Amino acid sequence: MKKPLKSISAFLILFLFSTGAFAQLQSPEDYLGYELGDRYTPHHRVLSYVTHVADNSELVTIHHYGKTYEHRELVYLVVTSEENHANLEEIRLNNLKLTGLEEGEPTENQKAITWLSYNVHGNETNSSEAAMKTLYELVDPANRESKAWLNDSVVIIDPMINPDGRDRYVNWFNTVIGTEYNPDPIAREHREPWPGGRANHYLFDLNRDWAWQTQVESQQRIEVYQQWMPHVHVDFHEMGYNSPYYFAPAAKPYHNVITDWQEEFQTIIGKNHTKYFDENSWLYYTREVFDLFYPSYGDTWPTYNGAIGMTYEKAGGGSAGAAVTTEEGEVLTLKDRLTHHHVAGISTIEATANNADRVVREFANYFDKAANEPAGTYKSFVVKADNDPDKIHHLLTFLDSQQIEYGTAGSNQNTNGYNYKSGQNERVSISENDVVVSVYQPQGQLARVFFEPNPELSDSLTYDITTWEAHYRFGLEGFALESNINPNQNISAEDYRSSTISGADKPYAYVTDWDSMDDARFLAEITKNGVKSRFSTVDFEIEGESFKRGSLIIMRGNNSHLDDEFDEIVRSAAENHSRDLFGASTGFVTSGSDFGSNNVRYIEKPEIAVLMGDGTSSLSAGEVWHFFDQQLHYPNTQLNTDDLMRADLSKFTTLILPSGSYNSVLTDSAIEKISSWVREGGNLVLIANANRNFTDRNGFQLARKQAEAEEPTNEEMLAPYDNRSRRYISNTTSGSAFEVTLDTTHPLAYGYDTEYYTLKLSADSYSYLDSGWNVGTVRDNSYRSGFVGTEAEPMIENSLSFGVQSYGSGQVVYMIENPLFRGFWENGKLLVANSLFFVGN
């Protein structure tokens, strides 16, 4: 029987429409015009492909969440069933309600959420290629298995966390390759030049920035992450090209807030991976090297936010190029690398979907226990109300970024607690206005991570620094209490900001305190705008107001060149940075030194050069660059190390050498050139390892501290080979906090109390300066937090942390520790500002 023509036509139209719709969705190979792994895909083409998939699949939506410093787009994709997409906001809000971070009761529509993050390190390039392959496999109409997973789960894919670093690597690589890849490791395409593509625009390692969020990429990503709070998070990486593949479960030590379930499900996922890796005879390992302790990784920070956080590492990295011959004589290709990451990603989605109900249930249980049955010794953490308000403001701003609740104590009381300042358990006094963070809250586990005085290490062999405690980091006094104080939720970070102008309307001089980086930012702004300033080297009182040494005195008489703009510039900057100004009607003080005294020093406008390039640590150089560009907002000139010998240093007042090895850079002639410049009045600032190059050279007083030679014991000589790592770490510290005693009468220490807590990143120790100024010194019994080896601690004690040497007409500032490390040790940054504006003036 013939079908009516009309019915046949309708059928054909429907058939052609449906097949045409499928035909519009292209695989990466069809869309890009080459097979994944044949070449690197630059950011704009990755973005173009994932946009194509979102435009042509009902299973995908694309979301733009920000831009990098170099203005590249940051996106994430939500991949799930059409039904889930129709109810996506309900699913998202239900998940937040499970955490207690969103009010209300969740409905039964709850799905497991897996978040896959790719290419946080720019030169670990295969993962963005793998992201495209994984995306297509999830939405491929022919893949029925993936559709079942997407019914039970929501998959979020961030295809490229660090586009700036990745494009830096890919663009370089494409300029050095020929018609065929050369797998010989000595070939130029395997020798990535400084600074490499690992870091972002400011040369920060974004995989150490998840908690601190110093970088714009991190800030924008975490805001989106907190809108979802996924149950499983994977961070894809690469390691040395002679390595196999690493996946969960992670190595010890685990931080003690990690739950049994989080540990168990890591193993469940890892065993799911082994099914596929064993089938393909791929080498892999687990439970080694990559631990779960430092809180700012892409595995730990999600873990402390209730997720199953994991790092996956594949052999490769920037030195692998697109093909490289390994030490076993095999050629490792980009296609191999992306395939392994792709399989591990798909396996993660599968394991999560197959355990979706329990994954969701245990996630909710994590936050419920945190709020109602918190573990750990300490139940509340106190920040004294009489701390500097700027420092309290920045702490509370950080807590806001972590969704950690806080309030005030509400009443006066005496109790037992750990005093962060003394490092002792003692009787402490709590005042009603003290800031309190209780662990009885949804983010109580995360609060423990940031405030515990000395978190336990189940194993001292750890991958990163071992202290980051908030009181030490922000320079605050307070206590950790074993008892709980329920805080009054009645304050915000902005309560600690003010900008008041008092005194004379048309003052003889504006006066303001010098206590924090906010004061330095204020000074930087008015200096850039042509204002001339002074600072007092003594405490003083004037017209009923008291000021400490270091306070700024901005005199009208010094700024007549600005005419009527003077008041506008100063007052506007005070408002911009929430500074209080006092308008003094006279320069005659009640006590201290009058404003015309030699004790009130003129601040010469700093003209700053920073040495960058081969020989410097790219991360340290980036920290200095970011400090000036994004924190202090003050101009500087970056000098390439290759240009040091032909650069005219006389135009600069300050030269900063970031940490680094300076191999072949600081030759005898280079040291002599720098020495001559300092003798003529230059201000040389040496950070961390840069100091090594100036010990016992050209009249520089710095000298390494030497341990007393001792004959090894029989036990030491007969120690088994297997203990070699532990013998090594006994002489190291992997990032620990020590109390530094400051000479607050020296300009380098203005704005500080006598006690400063430094982050000690190595056991490198230097003797006190014989005739310079030992401004910051580690004394006996100064250890506070983190791991330090038994042999390293006595070397660190009674050593120099910060010193200043007069050298001809100039100054040398020795910063043995790096106050700018990763941009997160907030209380150290004023030391750098002091070295620019005060030292030598």
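## A helix pair, a sheet and an aromatic pair

In this predicted model, helix α17 passes helix α18 in a right-handed crossing. Helix α17 covers residues 517-528 and helix α18 covers residues 565-576. Their axes lie 9 Å apart, and the packing angle is about 150 degrees. Angles over 145 degrees count as roughly antiparallel, and α17 and α18 are therefore roughly antiparallel to each other.

Which residues make the contact? From α17 come Phe-522, Glu-525 and Ile-526, and α18 brings Ile-569, Val-570, Ala-573, Ala-574 and Asn-576.

Six strands make up an open sheet with antiparallel pairing, and their order is β13-β16-β12-β17-β14-β15. Strands β13 and β15 are the edges, each pairing on one side only. Strand β13 is joined by two bridges to β16, and these two strands run antiparallel. Here Thr-408 stands opposite Val-435 in β16.

Some of the strands of this sheet are listed here:

| Strand | Residues |
|---|---|
| β13 | residues 407-408 |
| β15 | residues 424-430 |
| β16 | residues 435-438 |

Finally, a look at the aromatic rings. The whole structure holds 58 aromatic pairs. One of them joins Tyr-294 and Trp-468 edge-to-face, with 6.1 Å centre to centre and 75 degrees between the planes. Where do these two residues sit? Tyr-294 is in the loop between β8 (291-292) and α11 (300-304), while Trp-468 is in the loop between α15 (444-451) and α16 (470-474). The pair links distant parts of the chain, 174 residues apart.

Terms used
Residues numbered from 1 in each chain as written. Predicted model: local features only at pLDDT ≥ 70, side-chain atom pairs only at ≥ 80, totals over all residues. Heavy atoms only, no water. Pairing = 2+ DSSP bridges. Helix = DSSP H or I, 4+ residues; strand = E, 2+ residues; numbered from the N terminus. Axes fitted to C-alpha atoms, helices over the stretch in contact; angles between N-to-C directions. Parallel < 35°, antiparallel > 145°, perpendicular 65-115°, else oblique. Left-handed = near helix turned anticlockwise from the far one by under 90°. Contact = heavy atoms within 4.5 Å. Phe/Tyr/Trp six-rings, centres within 6.5 Å; stacked < 30°, edge-to-face > 60°.
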